[in-house]
Each structure stands twice: as structure tokens, then as C-alpha cells.
Amino acid sequence: MREWVVDPVHAKERIDKYITESWEEDISRSQVQLWISAGHVLVNGQPVKANYKLAAGDRLEVTVPEPAAVEIVPEDIPLNVAFEDKDVIVVNKPRGMVVHPAPGHASGTLVNALMYHCKDLSGINGELRPGIVHRIDKDTSGLIMAAKNDMAHASLAAQLKDHSVTRRYYALVHGNVSHDQGTIDAPIGRDPIDRKMYTVTERNSKHAVTHFTVKERFGDYTLLELQLETGRTHQIRVHMKFIGHPLVGDPVYGRSKGIKMNGQALHAGVLGFIHPGSGEYMEFSAPIPGDMEDLLTSLRSR
């Protein structure tokens, strides 16, 4: 079940439009209308029609019905495997690959590739996300772990919840970051104007902390190493925009001017966790990908 409290800025907006734009994943307005007509959507505890106009303070509850059986087809997609055993697999995901199937991305995802490669994945996250414990954006490259059984899944999920997983990223940002290191402690929630975006806000938000260290300066650009203390959706992208240094190439939170890149210049370079079976701490690293490294090389040679 998902819940929202309607902000005054969305008063008099149709409920089907609001839910469609507020949903984290891509869903169609017709799908939302079907949920409404089937009684899966309540406003202040009461069913409504799809053309219901929202009022400030309305409490929305959406109970998503169990999905019909979906067959995800295993696909022979090459994987860059950093580590694998009977419990866990760690993959260096390329930029441009979606992590799990969703409307518009039924194939070619990391899950399709994992199902072909592994044959055994945890079922905790359901049919659409087998083995997936955490995710990184489509246009972010780097290390991601998946669980091959329910024991491993529970252990890794608990470590993520406790913020004990090591996650270090490398990002090229606009501008000259003035401090050599720092911490951004700013809550993240839905943007009240554009519900498909996230922003720093005190309203309906979650605690979010990002630590950064400057690795290299290029005058009007800076290469940062960032460590996540929390793992909110689009956290690094939102936090860097918040401090005035958006990611190069970010199609949502970035700048239209300056050097171009196909997707944001963000790479999950280090991933560390306690192995669910052995109890041993393991840490893996993946080099900055070629397209991002080419960008850095061109900046160094200016």
C-alpha cells in the first residue's frame, strides 16, 4: 500500500492524474483508473471516482492488487561479474541498462540477464525483481549486488537498512566545489510541483546523508568521491543539485549547458558488505567506465 497527503499546490487536481505522476515507477493513467474503479484507491478512507478533484490535506491510500503471473524471459546478455558464489552475485552494471523489468522495459534488464546466468535467485522481492536487494539508476554505471537465496536476501537487506553497506560513487559535477570534503545532510522527498522528480524538502521527506571528497579539480568541473550513508531515490543527483553542483549529463537534475554525456556522469565504484554465509567483510571495486574516463582525459588536456 502507498499513501500520500495532498499538498495545497495539488488541490483541484484529478486523482488519477495525481497518482500517475506520483508513482515511483512508470505506470499508465488507464492502469490507475482501473485500480480506482476496482476500489483499490481510497480518499480519507472512502472510494472515489477517477475524476475526483483533490482537496488539500486529503489522505490517499492505494492498495496495489497482486499482479497476475508474469513470465520474465531469461536472456543471454553478457554480464561483467565481479564476484559470485552460492549466496551472492556482484555485477558491474553498464550505463544504460535497466535493473528490473517495468512497463516499457520488459526485456534487456539486469534481471533478465541474471535469470539466464544464475538459474537461482531469491524470491523475496517477487516475480519482477528476483534477487534484487538494491538498485542503481538506468544511466548510472557500477556495482550492484543480488541475492541468490532468501537467507542472503534478508541479510543484505538488513545491512542496507542499518546503513552498514559501503557504497562509494564517483561523479563529475559542474562548477568548482569549494570544500575539499563535506557532508550533505538534507531530507529528500517528492517535488511538490513535478511529482516525478525528487527534491530537498521538509514535507513528506526522508532523512538523507551524502559525504563527499574532492578527487580532482578542472576549474569549472570537479571529480568527486561520494559515500552514501542513506540510500534514497536519486540521492546523489538531488543532493548535488541542492548544493549548486549538478552532475554532468544528468537529464533530469543537470544543466543544459556545458560538456555533454549520454546519461549522468555517476559510477558506483566501490561496494562492500558482510557476506551472508561466511560473516566475512568483502569489498569490491570497479574502474570508472570508458565514456566517463574519456571525459576526464579531455578535461585534463585542456
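A contact is counted where heavy atoms lie within 4.5 Å. In the protein, 65% of the contacts with a separation of 6 or more are accounted for by residues 24 or more positions apart. The model is a predicted one, in which local features need pLDDT of at least 70, side-chain atom pairs count only at pLDDT 80 or more, and totals for chains, interfaces and linings use all residues. Residues are numbered from 1 along each chain as its sequence is written, and side-chain values use heavy atoms, with hydrogens and water left out.

Six helices and 15 strands make up the secondary structure of the protein; these are DSSP runs, numbered from the N terminus, with helices (H or I) of at least four residues and strands (E) of at least two. The radius of gyration, taken over C-alpha atoms, is 21 Å, close to the 19 Å from the globule rule for 302 residues, so the protein is as compact as a globular protein of that length. The globule rule is 2.2 Å times the number of residues to the power 0.38. Along the principal axes, the C-alpha atoms fill a box of roughly 60 × 45 × 30 Å.

Four strands form an open sheet in the order S1-S4-S2-S3, with antiparallel pairing, where two strands pair if DSSP finds at least two bridges between them. Strands S1 (2-5) and S3 (46-47) stand at the edges with a single partner strand each, so one side of each is left without a neighbour in the sheet. S1 runs antiparallel to strand S4 (residues 59-62) and is joined to S4 by four bridges. Arg2 stands opposite Val62 in S4.
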